[in-house]
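Here are a few friendly notes to read alongside the model. Please keep the picture open as you go through the points.

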Amino acid sequence: MDNNRKPDGIVLTEAQQKSRRRRSIAIAWALGVLVVLFFAVTMVKGPGVLVRPM
């Protein structure tokens, strides 16, 4: 077993890892805002949003 082997795949620099984390957090926030927006719109429309003719 060779302990000096390089890791497989791409190794990110510290700056790239921070950038990826910031981007992931921004995407999570945007998704959370969308969920809250859809929930709020559904609550404003009321229970009639579920009553539709078949």
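1. V41 sits in helix 1, which covers residues 14–45; helices are DSSP runs of H or I with at least four residues, numbered from the N terminus. V41 counts as partly exposed because its relative accessibility is 41%, and partly exposed lies between buried (under 20%) and exposed (over 50%), using a 1.4 Å probe and protein chains only.

2. This is a predicted model, where local features need pLDDT of at least 70, side-chain atom pairs count only at pLDDT 80 or more, and totals for chains, interfaces and linings use all residues. Residues are numbered from 1 along each chain as its sequence is written, and side-chain values use heavy atoms, with hydrogens and water left out.

3. How many residues does helix 1 have? Helix 1 has 32, and its first and last C-alpha lie 47 Å apart, close to the expected 46 Å (1.5 Å times one less than the number of residues). After helix 1 comes G46, with a positive phi near 85°.

4. Across the protein's 54 residues, 2% count as buried.

Conventions. Helices (H or I, at least four residues) and strands (E, at least two) are DSSP runs, numbered from the N terminus.
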